[in-house]
Amino acid sequence: MASYILRRILATIPVVAFVMLFVFSLLYITPGDPAAILAGDQATQAEIEAIRTDLGLDRSFPVRFLEWSTGVLQGDFGTSIFTQLPVSTMIAQRVEPTLSLMVVTMVIAIAIAVPLGVLAAWKHGQFVDRAIMLFAVLGFSVPVFVIGYVLAWTLALKLGWLPVQGYTPFSEGPWPWLRSLLLPAFTLATFYIAIIARITRATMLEILQQDYIRTARGKGVSETSVLFVHALRNASVPIVTVVGIGIALVISGAVVIESVFALPGLGRLIVDSILRRDYPVIQAVILIFSFVYVLINLLIDLSYTVIDPRIRY
Amino acid sequence: MIKRRTLLGAAAASPLLSLPAFGQTGDSKVLKYVPASNLTVLDPIFTPAAVSVTHGYCVFDTLYGVDANQVPQPQMAAGHTVSDDGLEWRITLRDGLKFHDGEPVRAQDCAASLARWAQRDPFGQALNAATESFGHADDKTIVIKLTRPFGPLLDAIGKPHSRPAMMMPERLASTDPQTQITEMVGSGPFRFIADEYVSGDRVVYEKFADYVPREGAPEWTSGGKQVHFDRLEWQIIPDDATAIAAIQAGEVDWLGSVLTDLQPILEVHPDVNLHRTDPYGVMHVIRFNHLIPPFDNVEIRRAVMKAVDQVPFLQSVAANEADREQCLALFPCGTPGVEEVGEGIINSLDIEAAKQAVMDAGYNGEPVVILNPTDIASIHPHGLLAADLLEKIGFNVDLVETDWGTVVQRRVSKESVENGGWNLAATNWPAISINNPATNATTRGLGDSGWWGWYKDETMEQLVVDWLGATNDEEAARIYLDVQNRAIDQVPTLPLGLSYRSGAVRADLQGALQGSVDMFWNIRRA
């Protein structure tokens with residue numbers, strides 16, 4: 001097991017190296033000039049050139065890439081072209097909201113989706129099953145920003161129960177923190193509720209046809225025990241896989257949700273940075289995202305051994 | 001009969017029902033403001049961006065401000081004297097001025113600040129060209145020595161928008177003008193709290209206790225800047241609908257800008273008032289590339305201008321009639337000295353006549369590239385409407401729809417369209433920032449060293465020099481009119497009229513001022 005983990009960790013090195021080169025190259029050839037954006041509408045060409053030189057944007061691709069990658073290896077992601085703040089500082093300011101959103105979203109999604117999926121499988125073909133699947137189709141199909149606006153209008157604006165926007169750090173108390181996240185997290189969770197519920201239902205339907213389930217029922221095991229102990233545990237591997245992919249996908253969902261609910265997370269940071277071509281920030285955030293993706297995949301693979309003792313690496 | 005589950009359910013729900021409206025400010029000492037865009041560049045001399053100017057007026061002060069008639073008034077200055085030959089200006093500082101680091105404001109600081117500003121700002125560059133030195137006689141007296149008379153000197157150093165001449169400590173003002181200043185130490189009414197600044201989310205200021213306001217009522221950027229809040233918090237809300245919801249819910253006090261489509265929601269809201277800060281509005285223009293065909297031909301530019309009906313262009317960015325105004329001139333109507341010299345010229349031809357005029361002018365069918373940013377709501381419709389108009393009058397249009405970042409890069413290309421160049425691009429200017437011959441980049445004829453589009457006109461530049469050197473108001477007004485006529489004759493840029501933006505303020509706030517940007521003095525909670 002230890003050697004497997006080590007091999008997987010070592011395997012991330014070429015992946016991250018490739019991402020570094022790919023992202024840097026992509027940004028290099030992407031149209032757009034941060035110097036022109038920074039200089040403003042009134043700027044003359046001479047002013048733009050002066051800023052470009054000052055920022056080092058006039059240097060060749062190999063020189064810039066070498067300088068950046070050397071810095072990254074030393075833990076220095078550079079300085080934002082626009083704010084002149086260290087990129088690591090900007091990222092550190094944004095990690096907590098995104099991480100919080102990710103955790104609360106997945107907790108809500110799993111807490112709702114798994115029971116719904118089990119219920120739908122148990123009541124297969126009946127009204128409850130169809131109602132849950134209808135909800136799943138809606139959750140899958142309606143854009144999250146539409147759900148966000150509707151929920152914000154209802155729960156925040158009309159009822160005043162939750163804030164319309166903004167993020168309260170955890171350091172100001174768990175309850176204010178959670179309240180600032182409930183709307184965006186539930187909005188984002190609708191998609192994951194839909195997808196996890198569907199996977200849970202499909203897997204459970206297959207498991208519930210198995211002989212050992214019939215045997216358990218024949219022995220008089222309670223239906224709750226049959227569903228949640230005998231069936232659900234055996235259905236867990238595909239569910240965990242989807243949840244793991246879901247965690248990775250939450251990052252992309254955060255881009256929209258953080259904008260709609262004005263959460264100061266990494267999603268908004270990267271959108272803002274892309275729009276103004278703040279290359280050092282874009283490169284660093286994408287690099288971190290890719291690293292997180294690799295890490296999540298590793299954790300998913302390792303979790304299989306816990307869920308299913310037959311799986312060994 | 002009440003069942004146990006019903007009771008439990010009710011008990012569980014009761015805290016939710018009694019939740020207070022979360023996020024409502026409630027704190028009478030904090031003003032919460034949502035700017036129209038994110039504050040990324042803190043240095044208000046480095047960039048002309050409106051949001052940086054707004055920030056600048058919090059942190060910094062100016063030697064002179066302007067009143068509602070755009071007349072310069074002393075602000076940090078106690079007054080000034082001018083030598084008989086008009087070549088030496090002495091500006092005396094008020095007593096008691098301090099920077100946020102506790103140091104006194106000295107003439108040396110102001111001279112260095114003026115010198116840096118004069119290298120970045122177009123009006124400042126015009127002053128710089130006529131200046132021998134920015135110096136000081138003593139700690140309280142700034143001395144500006146000129147090489148030739150410069151009539152609008154106070155207008156220049158008191159300009160209220162797009163890089164106002166803001167005063168900084170000498171150690172900061174000595175920074176290269178091409179390098180941003182990130183340490184925010186000014187002598188303005190608010191102190192910038194660097195530790196709480198999160199670009200893209202939050203900007204925080206505290207009332208500067210040692211600020212010494214002038215006597216008298218505030219007006220635009222002049223007068224007594226009395227602050228009635230201990231703390232000013234900017235919150236960046238990128239989504240317009242969310243910002244509207246936030247002010248309705250009382251989570252924020254002031255929106256810097258309200259999207260025209262969303263104004264009707266706030267117009268009927270009992271707790272929110274719309275507020276128009278800048279009465280002069282925004283001037284919309286389309287810029288020609290003067291270096292390459294077909295718009296290097298003045299006859300073709302004239303034909304296009306004669307075909308332009310400003311109304312649809314204005315309707316596309318301002319839904320309410322009260323929020324838009326035709327302006328048949330290349331200088332913003334409503335600002336002092338501007339006349340609609342384009343009357344009888346702009347929109348004087350119907351489509352067929354304009355088509356004929358374009359052909360007569362020698363257009364030979366080459367593609368016309370229009371750069372159009374899809375992510376800027378106040379510009380994008382103008383690209384579409386321009387493409388439609390030009391196609392109707394016979395142009396071979398290539399509408400390039402892309403994002404703003406790409407537009408600003410391609411816009412500085414002087415190449416032919418086949419090699420990545422362009423012919424037309426729409427943009428807009430705060431009217432107050434182009435309200436005289438020296439600052440109006442859309443009409444200046446500097447050629448290669450000027451604004452993108454690179455309009456070259458030596459006659460125009462001579463008129464600008466003459467205006468700057470005018471020794472009395474009558475002479476200046478006469479030359480200004482000549483400039484306006486020259487501009488409408490040569491069509492360096494296509495004028496599309498004016499629109500007015502509104503912000504929104506909670507109804508319990510009183511005293512929001514008019515000005516070039518939102519300003520946070522005088523306003524108080526009722």
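This is a predicted model: local features need pLDDT of at least 70, side-chain atom pairs count only at pLDDT 80 or more; totals for chains, interfaces and linings use all residues.
User: How much area do chain A and chain B bury between them?
Analyst: About 4,200 Å², with 53% of it on carbon and sulfur atoms. The contact takes 46 residues from chain A and 57 residues from chain B.

User: And how many salt bridges are there across that interface?
Analyst: The rule finds one salt bridge across the interface of chain A and chain B. Asp403(B) and Arg277(A) bring their side chains together in a salt bridge, at 2.8 Å from N to O.

User: Which helix of chain A gives the most to the side that touches chain B?
Analyst: That is α3(A), with six residues. Helices that each supply at least two residues of that side include α5 (87–122) and α8 (174–208) of chain A.

User: How many residue pairs are in polar contact between the chains?
Analyst: The count is 14 between chain A and chain B, with both residues at pLDDT 80 or more.

User: New topic: Gln484(B). Buried or exposed?
Analyst: Gln484(B) is buried, because its relative accessible area is 2%, and the cut-off for buried is under 20%. Gln484(B) sits in helix α15 (residues 473–490) of chain B.

User: What lies 2.9 Å from a polar atom of its side chain?
Analyst: The backbone nitrogen of Glu339(B).

User: Which residues form the nonpolar patch on the surface?
Analyst: Phe18(A), Phe22(A), Leu26(A), Tyr28(A) and Ile29(A), with about 550 Å² of accessible area together. Tyr28(A) belongs to helix α1 (residues 2–29) of chain A and is partly exposed, with a relative accessible area of 39%.

Key. Residues are numbered from 1 along each chain as its sequence is written. Chains are lettered from A and ligands numbered from 1 in the order in which they are written. Side-chain values use heavy atoms; hydrogens and water are left out. Helices (H or I, at least four residues) and strands (E, at least two) are DSSP runs, numbered from the N terminus. Buried means under 20% relative accessible area, exposed over 50%, partly exposed in between (1.4 Å probe, protein chains only). A polar contact is a pair of N or O atoms within 3.5 Å; within protein, one must be able to donate a hydrogen and the other to accept it, and residues adjacent in sequence count only if both atoms are side-chain atoms. Patches are made of residues with over 30% relative accessible area and no salt bridge: like charges are joined within 9 Å, nonpolar side chains (Val, Leu, Ile, Met, Phe, Trp, Tyr) within 5 Å. Accessible areas come from the Shrake-Rupley method with a 1.4 Å probe; for residues, only the protein chains shown count as cover. A salt bridge is a side-chain nitrogen of Lys or Arg within 4 Å of a carboxyl oxygen of Asp or Glu. Contact means heavy atoms within 4.5 Å. Buried area is the accessible area (1.4 Å probe) that two parts lose on being put together, summed over both.
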